[in-house]
Each structure stands twice: as C-alpha cells, then as structure tokens.
Amino acid sequence: RFSGVVQGPPDPILNLGVMFRADPHPKKVNLGIGAYRNAELKPEILQCVRKAEEFIYKHPETYTKEYLPLEGYVPFLKEAQKLIFGPDHVALKEGRVCSIQELSGSGSLLISADFMHRLLGINKIYIPNPTWGNHGALIGKALCETEKYTYLGADGLYIDFEGMKKDFLAMPDGSVILLHACAHNPSGVDLNEEQWRELLPIFKKKQHLPYFDCAYQGFATGDLDKDAMAMRLFADEGIEFIICQSLSKNMGLYGERCGAIHIHTVDKETADRVASQVKRIVRATHSVSPCHGAYIASVVLGTPELFELFKEEVKKMAGRLLDMRKKIYDALSKTAPEKNWDHVIYQRGMFSFTGLDSHQVKMLADEYHIYMVSSGRMALTGLNDGNIQYVADSIKAEEVK
Ligand code: PLP
Ligand code: TYF
C-alpha cells in the first residue's frame, strides 16, 4: 500500500535551512528563509509579545483553552481590522468588513480562494510574475488556476508598470488579481502611491477584485500605517476586496499561525452573509483556529502601551534590515563596481532580488557556503556586520567568473 508512494521533492525555500544547518563551514551564511533574525542572527520573541503572554497567563478565566468560535477570537479580529484599515475607518464603523481568523497568511489564502471558487464561481486567480512560491500551490488546492501578470520588466529587477496596467486591462472583466500589499516577496519591488492611485480606476472600470496578500505590514517603511496605504486607498474608494493578513513576520508569531481574512463589502448585511459562508468552509477544513496567537495579538494591539512597544519593535526590525540593505549595497558597489547595484537600494522589505542567476546561486552555496533562493532572492535578515563583506567578496568572485 504505502511502499508505492514516491518521494516528494523538498520545499525549495525550507530546504535551504536544512542544507545550511548541515553545513559545518564556519563562514556559512543563511540568506534563504524570510524570517527575522537579530544582529546576532538569532530569532527573537518580541518584548510586546512576552508581556502579552505574561498577562494571558495571569488571566486564565478570560484566556481559556476552550475552542474559539468559528470566526475566531472576536477581540483579535477587531484589533486586526484596525491595524489594516486604521482605527476610525468608516467601513469598520458601518460593519462592512467581514473578518474570519485563519491559520496565518497561508490559511487565509487557501480559505479565501476556496470561498471565491465555491461562492463566486472563480476558477482563475492572476498572480504577479514573480511571486511567493507557495501562492500557486495554495490557490491550486482551492481548485483555482493561476495565471501570471507582468510585474517586473525584462531585467527582472524593476517594475514594469506599463506592462502591468496593460495586462490588467486585457484580462476579462471581474478578474481576481493577487496584489502584495507591501514589501513584495521575492523581489522587494513595490508600487509607489501614485502608481497605486493609477490602478484604482482600472479596477473600477474592469470590476476586477483586488486580492491583497499582506504578509509584511511594517517591513517596507517601518511604519504600520504607511505600509497599509495601498489597501486603504482601495477601501476609501469603496471598492470591494479581500485581504489575507499575516502576523507571522511583524509580530514574530510564525509558529502560532495567527492571521485573518478580511473581506471589504458594500454593507453590513452582505458582510454577514459572506461571513456565514466563509465559516462553513473553515468548519469543513480545520474546524476552528488556534487561540494562543490570537490572544497574544489581541492583547498587544488592544493595550495602548503594548501597541506603542509593538510599533517601536517593528520599526527596529525594519530599521535593521534597511541598515543591512544599505551596507550590502555599499559593499557590493565598492567590491564589484563593474556592475550596477542600484536595484538593491531601491527595493524594500525583507528581501532583495540580487540579479544573480540560479547557477551563480548554486556556486555561492557550493563554494562559499552562502545560501539563497535560486531566483537570486537574498533575505537581508541573514546579514550582519560580521558577514556583509564576506558576502560581497563572494558575489564579486562569482560575478567575475
Ligand atoms: N504571503 C507571502 C508573500 C509570504 O512571503 C508569506 C510567508 O513567507 C506568506 C504569505 C504566509 O506566511 P504565514 O502563513 O506564515 O503567514
Ligand atoms: O521565505 C519565504 O518566502 C517563506 C517562509 O510556513 C515561510 O516561504 C516558511 C514557512 C511557512 C511559511 C513561509
């Protein structure tokens, strides 16, 4: 029975961690996974999270281990909405946003795509080229196909905005388009505010459905509100849309699987009907969502001092990544000046698309023990003052070969 099961391929990103850990070389560098590391290259639990957990342990009568309701922990959902829309948004006041807790960004993508397939008859979702490797798999599981739209130009380093708009206009009316809310993974290339504003009339005219993946709020600019700009522009225009929100990165809750689906609709009655259907899908997929991460996030976001601390800690994480971005840019510009590295400084968030090809990436791993994704995506979080020059020197050595 089981002996006929063939070996599955390893996940291209997660496997980099396995290779890195197995490598005994003292100079090895892990630029693979998009998970924050401090200057000592260690994972960190945020102080705001620690404090929230202390509070939770002291109040077991409120923070029980009972099953949550199907929609999730409601105080968390209210705070999660405010983080995205801003605390006083009219859509929240009017109850037009339906929110359902999910297993972080990944679960939100799966369940919302399943909802669109079953309830809206959607069979295809447009995703940027390039995009996060797991988008196709998650959306495919919900029985929707994916098709790529133009995002980067032929150089693979800068936005091709004209190509993107052209694709949006050529799609059938009412298409679902996945958009990275900020800090695009893998490229680090985002639209600016003016470009987002230019998309609004296109979405309206074509009645496309914006489908936001918000996995890095805070990591693009260091400011949670600024990073919500694109989503708020669509909300202010009264356009219906879906957001898949993850707190994995900005609150460092990776393993807690904390996030939510938010569906911005035209009125409260619609939002309630939509919620009733999303809840049925949740029930038939994994029943209910986990409580601990939602408790933590509700306390952090809902306690003014902890919310301030959270904002500071997000700013600090984003600040360290920006510092690393500037330093690797300077090091590469000095060490390998025959090549233009401007794209590195122009990108933002947790990643940089270096422009290295898959062969160069492989050689960096084999010869220099530096691990990054084969697309040439470098997670800046694996850099610190101790390894930046080594990384720049190694890239230079590969470039001249
Ligand atoms: N979307 C993007 C673009 C991501 O990069 C990630 C994680 O790396 C996710 C979604 C989902 O992460 P999680 O399921 O931990 O929220
Ligand atoms: O680095 C990345 O792009 C992500 C990281 O369950 C990741 O793939 C790892 C595990 C996971 C979700 C995202």
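How many nonpolar, polar and charged residues does the shell around ligand 1 have? The views below come from a predicted model.

**View 1. The shell around ligand 1.** By class, this shell has three nonpolar, nine polar and one charged residues. There are 13 residues around ligand 1. Those that come nearest are S104, G105, S106, S246 and S248. Helix α5, residues 104-120, gives the largest share of the shell, with three residues.

**View 2. Packing of α5 and α10.** Helix α10 spans residues 268-285 and packs with α5 at an angle of about 120°. Their axes are 10 Å apart. Angles of 65 to 115 degrees count as roughly perpendicular and those over 145 as roughly antiparallel; α5 and α10 are therefore oblique to each other. The crossing of α5 past α10 is right-handed.

**View 3. Residues between α5 and α10.** On α5, the contact is made by I111, D114, F115, R118 and L119. On α10, Q277, V278, I281, V282 and T285 make it. By class, six residues of this contact are nonpolar, two are polar and two are charged.

**View 4. Domain 1 against domain 2.** The domain assignment of the protein chain gives domain 1 as 10-44 + 318-393 and domain 2 as 49-307. Their C-alpha centres lie 28 Å apart. In domain 1, 21 residues are in contact with 21 residues of domain 2.

**View 5. The side of domain 1 that touches domain 2.** Helix α12 (304-335) and strand β9 (351-353) each supply at least two residues of this side. By class, it has 10 nonpolar, eight polar and three charged residues.

Methods:
Residues are numbered from 1 along each chain as its sequence is written. Chains are lettered from A and ligands numbered from 1 in the order in which they are written. This is a predicted model: local features need pLDDT of at least 70, side-chain atom pairs count only at pLDDT 80 or more; totals for chains, interfaces and linings use all residues. A residue is near a molecule or strand if its C-beta atom, placed from the backbone, lies within 6 Å of it. Helices (H or I, at least four residues) and strands (E, at least two) are DSSP runs, numbered from the N terminus. Ala, Val, Leu, Ile, Met, Phe, Trp, Tyr, Cys and Pro count as nonpolar, Asp, Glu, Lys and Arg as charged, and the others, Gly among them, as polar. Axes are lines fitted to C-alpha atoms, for helices over the stretch in contact, and angles run from 0 to 180 degrees between N-to-C directions. Angles under 35 degrees count as roughly parallel, over 145 as roughly antiparallel, 65 to 115 as roughly perpendicular and the rest as oblique. A crossing is left-handed if the near helix is turned anticlockwise from the far one by less than a right angle, and right-handed if clockwise. Two residues are in contact if their C-beta atoms, placed from the backbone, lie within 7 Å. Domain bounds come from an automatic or database domain assignment.
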